[in-house]
Amino acid sequence: MAKSPEGEHPHKAFGWAARDPSGALSPFHFSRRENGDEDVTVKILYCGVCHSDLHTAKNEWGFTNYPVVPGHEIVGVATKVGNNVEKFKVGDKVGVGVLVGSCKRCEPCQQDLENYCPKVTLTYNSIGQDGTKTYGGYSDMIVVDQRYVLRFPDNLPLDAGAPLLCAGITVYSPMKYYGMTEAGKHLGVAGLGGLGHVAVKIGKAFGLKVTVISSSSKKESEAINKLGADSFLVTSDPAKMKAAMGTMDFIIDTISAVHPLLPLLSLLKMNGKLVTVGLPDKPLELPIFPLVVGRKLVGGSDIGGMKETQEMLDFCAKHNIAADIELIRMEDINTAMERLAKSDVRYRFVIDVGNSLSQ
Ligand SMILES: [Zn+2]
Ligand SMILES: [Zn+2]
């Protein structure tokens with residue numbers, strides 16, 4: 001007989017879980033595995049609230065296995081390290097992102113692209129190598145194989161740095177892979193939410209000219225004055241859209257709702273690249289003519305491997321990049337989720353787990 005979440009492992013753990021598609025979160029007792037030779041035990045201090053957490057809590061992608069403890073933008077302190085762990089010691093500041101396991105043998109794993117491993121173990125709502133369910137960062141502690149633990153740079157703020165572990169690497173990795181980092185080139189960032197606002201900052205750090213592409217002008221002054229974008233383009237303004245045609249080298253499309261690609265492709269120059277990182281729940285229409293005529297490329301990208309995630313954290317630390325956040329207490333999570341569903345957040349909620357999660 002399957003053991004209860006509370007009894008299957010030796011270490012008592014406590015967090016907040018969703019139990020059904022209402023997505024409402026409430027206190028939840030469960031357990032974590034013993035710290036093995038390769039493991040790091042992390043006392044969780046902060047956890048970002050990613051849009052995936054909301055999708056999963058409400059089973060909007062159709063594969064939620066309740067109860068689910070979301071959270072994959074985890075920052076904390078190492079409280080125990082296994083015998084074979086040399087990279088970390090007790091007291092180190094560490095991060096845990098979207099994945100906590102992979103096969104370590106396949107081609108992607110051997111190329112430090114664990115995120116594309118067919119047997120990847122996600123931080124929550126996944127089944128680990130030991131056959132038990134994974135629970136995420138809306139909780140007091142987590143035990144993770146050292147390969148999937150990140151050094152959290154000293155000068156990164158623990159709270160505002162947490163969203164880099166998903167939002168940051170999600171936009172950094174495609175910029176590196178698709179060659180979108182050459183200073184002076186023109187980057188469009190479509191959608192200005194959790195991902196988009198970090199893409200603006202990282203793009204500026206690479207020396208790019210950055211234009212935010214948005215359906216409304218609501219965030220224009222903030223994008224330019226606070227986030228450092230060079231310009232702002234409203235897709236519903238036909239004159240401005242026409243004037244901007246053929247001016248961009250790259251676009252990162254972070255929009256997670258179904259939307260037309262043609263206006264974005266039209267903004268690209270010859271040889272331009274559009275990379276999608278949002279995950280609309282229905283397919284988008286792909287207009288072939290502009291791709292053929294302008295030798296343009298449409299690609300995708302999914303988070304990043306552990307080595308590149310560390311590189312991204314170090315890059316952000318060096319350039320003083322963190323997310324703009326609203327810090328909340330654990331008990332405010334349901335209100336925050338409601339606001340997130342309406343995109344009413346500037347630009348990421350982060351839970352102050354260390355100071356507000358109490359039994
Ligand atoms: Zn995420
Ligand atoms: Zn693998």
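User: Why is Glu 8 called partly exposed?

Analyst: Count its neighbours in this predicted model. Glu 8 has 16 other C-beta atoms within 10 Å. A residue needs 20 or more to be buried and 12 or fewer to be exposed, so with 16 Glu 8 lands in between and is called partly exposed.

User: Where does Glu 8 sit, and what does Glu 8 touch?

Analyst: Look at the segment before β1 (11-18). Leaving out residues up to four places away in sequence, Glu 8 touches Lys 3, Ser 31 and Thr 132. As for Asn 271, 263 residues along the chain from Glu 8, the two C-alpha atoms are separated by 54 Å.

User: Pro 5 is in the segment before β1 too. What makes Pro 5 partly exposed?

Analyst: Try the count again. Pro 5 has 18 C-beta neighbours inside 10 Å.

User: Which residues does Pro 5 touch?

Analyst: Phe 30 and Ser 31, not counting residues up to four places away in sequence. Pro 5 and Arg 32 are 27 residues apart in sequence, with 8.9 Å from C-alpha to C-alpha.

User: How do you know that β1 and β2 pair?

Analyst: Check the bridges. Two strands pair if there are at least two bridges between them, and eight join β1 to strand β2 (residues 25-32), so they count as a pair. The two strands run antiparallel, and Ala 18 stands opposite Leu 25 in β2. They form a hairpin with six residues between them, and Gly 23 in the turn has a positive phi of about 80°.

User: What is the order of the strands in the open sheet, and which are the edge strands?

Analyst: Reading across the six strands, you get β12-β11-β10-β13-β14-β15, with parallel pairing. The edge strands are β12 (231-234) and β15 (297-300), each of which pairs on one side only. From one strand to the next, the twist averages 20°.

User: Which helix lies across β10, β11 and β13?

Analyst: That's helix α5 (residues 194-205), which runs at about 170° to β10.

User: Which residues have the most contacts inside the largest nonpolar core?

Analyst: Val 171, Val 189 and Ile 252, in a core of 104 residues. Strand β3 (residues 39-49) gives the largest share, seven residues. At least three residues come from each of domain 1 (11-166 + 325-356) and domain 2 (167-300). Take Val 171: among the residues it touches are Leu 195, Val 198 and Ile 252, with residues up to four places away in sequence left out.

User: How many residues of domain 1 and domain 2 are in contact?

Analyst: 11 residues of domain 1 are in contact with 10 residues of domain 2. The centres of the two domains, taken over C-alpha atoms, are separated by 28 Å.

User: What does the UniProt annotation say about residues 23-351?

Analyst: The unreviewed UniProt entry annotates them as "domain: Enoyl reductase (ER)". In the model, this span is 26% helix and 26% strand, and its end C-alpha atoms lie 17 Å apart.

Key. Residues numbered from 1 in each chain as written. Chains lettered and ligands numbered in written order. Predicted model: local features only at pLDDT ≥ 70, side-chain atom pairs only at ≥ 80, totals over all residues. Helix = DSSP H or I, 4+ residues; strand = E, 2+ residues; numbered from the N terminus. Axes fitted to C-alpha atoms, helices over the stretch in contact; angles between N-to-C directions. Contact = placed C-beta atoms within 7 Å. Core = buried A, V, L, I, M, F, W, Y, C linked by C-beta atoms within 7 Å. Domains from an automatic or database assignment. UniProt positions renumbered as here; feature names shortened; annotations may be inferred.
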